[in-house]
Amino acid sequence: MTEADVLAMIAKSNEFEQIKVREEEASELKDLLEGHCVMRVKGGTETTYGKVNILMQAFVSRVPIDTFSLVSDMAYVAQNGARILRALFEIALRRGWPTMSGRLLALCKSVDRRLWAF
């Protein structure tokens, strides 16, 4: 499982079901996807999990956001995404999966420091 797959899995979690894709956000999400996402995004800009994935990558990349609703959603995604990543890291560590633990730890540090590990 790659880092892109981990972010896609987190974006599909039930934690983010209440986040909606709004029409006024479509153009900015498309710009974020094309210009600032360093990993592949499943779902594009039309789905909730695609929006969550784009916002998570934009948060780590320190991209300034103009739309207020996206700023609010990004803060929510960053806070809960970091918590889910830490929980997944603990699970992988306790199950003895060293490769997965290393990837998850790198992603945890990337979100906390807002700096990509690669």
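Arginine 114 has a relative accessible area of 28%, so this residue is partly exposed. Buried means under 20% relative accessible area, exposed means over 50%, and partly exposed lies in between (1.4 Å probe, protein chains only). Arginine 114 sits in the segment after helix H5 (98–113). Its phi is near 55°, a positive value in a residue other than glycine. Most residues other than glycine have a negative phi.

The model is predicted: local features need pLDDT of at least 70, side-chain atom pairs count only at pLDDT 80 or more, and totals for chains, interfaces and linings use all residues. Residues are numbered from 1 along each chain as its sequence is written, and side-chain values use heavy atoms, with hydrogens and water left out.

Helices (H or I, at least four residues) and strands (E, at least two) are DSSP runs, numbered from the N terminus.

Arginine 62 is found in the loop between H3 and H4. Its relative accessibility is 53%, so arginine 62 counts as exposed.

**Helix packing**

Two packed helices are described by the angle between their axes and the distance between the axes. Axes are lines fitted to C-alpha atoms, for helices over the stretch in contact, and angles run from 0 to 180 degrees between N-to-C directions. A crossing is left-handed if the near helix is turned anticlockwise from the far one by less than a right angle, and right-handed if clockwise.

| Helix pair | Angle | Axis distance | Crossing |
|---|---|---|---|
| H1 and H3 | about 125° | 8 Å | right-handed |
| H2 and H3 | about 60° | 10 Å | left-handed |
| H1 and H4 | about 120° | 11 Å | right-handed |

Take H1 (residues 3–11) and H3 (residues 48–60), which pack at about 125°. That angle makes H1 oblique to H3. Angles under 35 degrees count as roughly parallel, over 145 as roughly antiparallel, 65 to 115 as roughly perpendicular and the rest as oblique. The crossing of H1 and H3 is right-handed. H1 supplies Leu7, Ala8, Ile10 and Ala11 to the contact, and H3 supplies Tyr49, Val52, Asn53, Met56 and Gln57. Contact means heavy atoms within 4.5 Å. By class, the contact of H1 with H3 has seven nonpolar residues, two polar and no charged. Here Ala, Val, Leu, Ile, Met, Phe, Trp, Tyr, Cys and Pro count as nonpolar, Asp, Glu, Lys and Arg as charged, and the others, Gly among them, as polar.

H2 and H3 pack at about 60°. H2 and H3 are therefore oblique to each other. H2 passes H3 in a left-handed crossing. Leu29, Leu32 and Leu33 of H2 meet Lys51, Ile54, Leu55 and Ala58 of H3. The contact of H2 with H3 divides into six nonpolar residues, no polar and one charged.

H1 passes H4 in a right-handed crossing. Val6, Met9 and Ile10 of H1 make this contact with Gly81, Ile84, Leu85 and Leu88 of H4. The contact of H1 with H4 has six nonpolar residues, one polar and no charged.

**Isoleucine 84**

Isoleucine 84 is found in helix H4. With a relative accessible area of 16%, isoleucine 84 is buried. Leaving aside its neighbours within four places in sequence, isoleucine 84 is in contact with Ile10, Ser13, Glu15 and Phe16. Isoleucine 84 and glutamate 15 are 69 residues apart in sequence and 9.2 Å apart in space, C-alpha to C-alpha.

**The aromatic pair**

The structure holds one aromatic pair. The ring centres of phenylalanine 16 and tyrosine 76 are 6.1 Å apart and their planes lie at 85°, so the pair is edge-to-face. Rings of Phe, Tyr and Trp (its six-membered ring) pair if their centres lie within 6.5 Å; planes under 30 degrees apart count as stacked, over 60 as edge-to-face and the rest as tilted. Phenylalanine 16 lies in the loop between H1 and helix H2 (26–36) and tyrosine 76 in helix H4 (residues 68–95), so the pair ties together parts that are 60 residues apart in sequence. Phenylalanine 16 counts as buried at 1% relative accessibility. Tyrosine 76 counts as partly exposed at 27%.
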